[in-house]
Amino acid sequence: MIAQAFAARRAEGRAALVPYVTAGYPDRGSTVEVLEALADAGADVIELGVPFSDPLADGPTIQTSSFVSLGNGTTVAGVLEDLTAFRARRDTPVVLFTYLNPVIRYGPTAFLEDAVKAGAQGLLLTDLPTGADPVLEAEVIASPLDLVRLVAPTTPLSRVPAVAAGGSGFLYYISRTGVTGARTELRGELSKEVRAIRKAQDLPVAVGFGISSPEQAAFVASLADGVVVGSALVRILGESGVQAGADFVASLREAMDA
Amino acid sequence: MTAPTVADRRFGVFGGRYVPETLIQALDELTEAYAAAGTDPEFRSELAGLLADFAGRPTPLYHAQRLGEVIGHDSIYLKREDLNHTGAHKINNTLGQGLLAKRMGKRRIIAETGAGQHGVATATACALFDLECVVYMGEEDVERQALNVYRMELLGAEVRPVGSGTRTLKDATNEAIRDWVTNVEDTHYIIGSVVGPDPFPRMVRDFQAVIGREARQQLLDVAGRLPRVVVACVGGGSNAIGIFHEFVPDDGVELVGVEAGGAGLESGRHSASLAAGSPGVLHGSLSYLLQDSDGQVAPAHSVSAGLDYPGVGPEHSFLKDSRRARYTYVTDDEALDAFHRLSELEGIIPALESAHAVAHVLRHGPEYDGPIVVCLSGRGDKDVAHVARLEGRGSLL
């Protein structure tokens, strides 16, 4: 379903829009409403963050949203319930975005089953790089969920095919070294790097980390198959509420499709 | 050289490299550089020279006779890591990793610190090697260990207080990893304990193993035999692995790790990951971890900042499950009592961390029918103000 969503956009000569939100943020009860608003504002795939106490790949915005969400009483089971409720209303594919420990604690087999039942299409585990745990990776790959893999600017091009081979759905290119967070400028090498990664393997490539404005989204859409926007959206949701978040996503969509 | 397989990045099932993709290349480079350094006679002799002339090794193995008399045991030996330059065993590792960073051409060093001992040892190595140094330290620890903060600054390091999460060692480590992910191209992360992704746990162990190599030979020299038991405190577990490692093949030598029992295990306010935790992934490796039923890391507690950590080195998890080592705990109160007793009986003020190992011997020493070797991992000067405050004597300082 994720691959189809990318393919559908590609057929139109456009890029897929992939917003990220932290479940249970800003309020415990807001997740379903937020997901619906994103779907209606033009999201092609949604990354739904399952909060973790030690989000070491995340910058201050997503850290704060994670701590607030956990403080609101968010649990893994609760996120899956919210996803179930969303799935009854919209078809937009959802990638669960989290860290390994909550999944291990839940039990990987049970987690994969329950995530599929809840209507997830993909899983992204920030701290499970390709090759780190072949047994666990094989279990995720064998499940109906797409395993979304990350490629970093520090990933040697020679490693990219192996990373892609262990993933499906799309490949997530981290546009710069560092943690998640909105940035005012993207790196100059980005265009060349994305081209090289697209050439080295067959999955669609979405670019994320630091994209914070419609102009940046439009620029990235011109070189990649998808655009991931996280921290900028999470900040707007926290500061100005669901409608403002939806308006922001709609503005990204508009800029990308122009 | 062939690439290491997953099996040799682990201790049994524990360890691994559970980190963001951005760090994989840096870990590969580090693994390779470390392997090359290990077989390079020049690296080894330079490190040996620094350990001798700069750190002051070998450290003595001291026969603590008054302590022995009081508890009824005639052969208690203290491995005096407190007599190292900078006052703790941490310098063994920072000199090794500092030299390695220089070889790798990294100009910038980052580190995390709890009690401040590793931060001071890192700042010291960076001064010696002329490297830029940034140390992350939880805000709560900055308050508890103000003297060490100033010491690091004096040595030219920048101390960055970390206000997120628990405001202690765990979150300082998160922040150091975030820095490394961001600046990986010119920065080396000197992890202070036998934690983190491979190769850190085995590399830090190797740099700390000098403690056990010396202690084993020293006891053979003075007592003509091996110890009955080796006792060390365990937070992340670097001094414990350092003194245990050489004794692991000696079947008759019991290895005892002493965790921080805080206010007691039943209180939930402790740092006893091995005694009360379950396997989980934090800071790049699979190991015993304090966590709740949803896989969120539980806050740790200890009177000693250096033990106040919800995880533990993966090799300790392996030694526990394979039963080669035994892990126990003492409470804050027992550690504070040992802090006083060792000061009064032997004229040695131990670090609060090391006082946990001493406390175990105070309680259980007579049960061991043979020499006891205790790793006195650090000196207690850094803790004097903190303990005085706890005892209502803060106005003196």
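Me: Helices here are DSSP runs of H or I with at least four residues, and strands are runs of E with at least two, both numbered from the N terminus. Where is Pro58(B) placed?

Reply: Pro58(B) sits in a chain B loop, between α2 and β3 (61–63). This is a predicted model, in which local features need pLDDT of at least 70 and side-chain atom pairs count only at pLDDT 80 or more, while totals for chains, interfaces and linings use all residues. Residues are numbered from 1 along each chain as its sequence is written, chains are lettered from A and ligands numbered from 1 in the order in which they are written, and side-chain values use heavy atoms, with hydrogens and water left out.

Me: What kind of peptide bond joins Arg57(B) and Pro58(B)?

Reply: A cis one, with omega about 0°. In chain A, Tyr25(A) and Pro26(A) are also joined by a cis peptide bond, again with omega about 0°. Pro26(A) belongs to the loop that runs between β1 (16–22) and α2 (31–40) of chain A.

Me: And phi: is it positive or negative at Thr86(B)?

Reply: Positive, near 75°, and Thr86(B) is not a glycine. Its loop lies between β4 (76–80) and α4 (90–103) of chain B. Arg167(B) has a positive phi too, about 60°, and is placed in the chain B loop between β7 (158–162) and α8 (169–183).

Me: Why point those out?

Reply: Because most residues other than glycine have a negative phi, and most peptide bonds are trans.

Me: OK, the interface. How many residues of each chain are in contact?

Reply: 40 residues of chain A and 35 of chain B, contact meaning heavy atoms within 4.5 Å. The two chains bury about 2900 Å² between them, and 52% of that is on carbon and sulfur atoms. Buried area is the accessible area (1.4 Å probe) lost by two parts when they are put together, summed over both.

Me: Which residues of chain A lose the most area to chain B?

Reply: Asp54(A), Leu56(A) and Arg105(A), which together make up 23% of what that side buries.

Me: How many salt bridges cross it?

Reply: The rule finds 2, the rule being a side-chain nitrogen of Lys or Arg within 4 Å of a carboxyl oxygen of Asp or Glu. One salt bridge pairs Arg159(A) with Glu21(B), and the closest N and O atoms there are 2.8 Å apart.

Me: Which element of chain A gives the most residues to that side?

Reply: α3 (60–71), α5 (100–106) and β6 (149–151) of chain A each supply at least two residues to the side that touches chain B. Of the elements, α5(A) gives the most, with 5 residues. By class the side of chain A has 22 nonpolar, 12 polar and 6 charged residues. Nonpolar covers Ala, Val, Leu, Ile, Met, Phe, Trp, Tyr, Cys and Pro, charged covers Asp, Glu, Lys and Arg, and the others, Gly among them, count as polar.

Me: Which residues line the largest pocket?

Reply: Among them are Tyr34(B), Phe43(B), Arg44(B), Asn92(B), Asp206(B) and Arg213(B). α2(B) gives the most to this lining, with 5 residues. The lining splits into 7 nonpolar, 2 polar and 3 charged.

Me: And how many cavities are there of 30 Å³ or more?

Reply: The structure has 9. The largest cavity holds about 360 Å³ and is lined by 31 residues, with His89(B), Lys90(B), Ser238(B), Gly306(B) and Glu353(B) nearest its centre. Its lining has 9 nonpolar, 18 polar and 4 charged residues.

Me: What volume has the second largest cavity?

Reply: About 110 Å³. Its lining has 16 residues, and those nearest the centre include Tyr172(A) and Phe209(A).

How values were computed:
On a 1 Å grid over the protein atoms alone, a cavity is a set of points where a 1.4 Å probe fits but cannot get out, and a pocket is an open set with protein on both sides within 12 Å along at least five of seven lines; lining residues have an atom within 4 Å of a point. Grid points are joined across faces, edges and corners, and a volume is the space filled by probe spheres set on the points.
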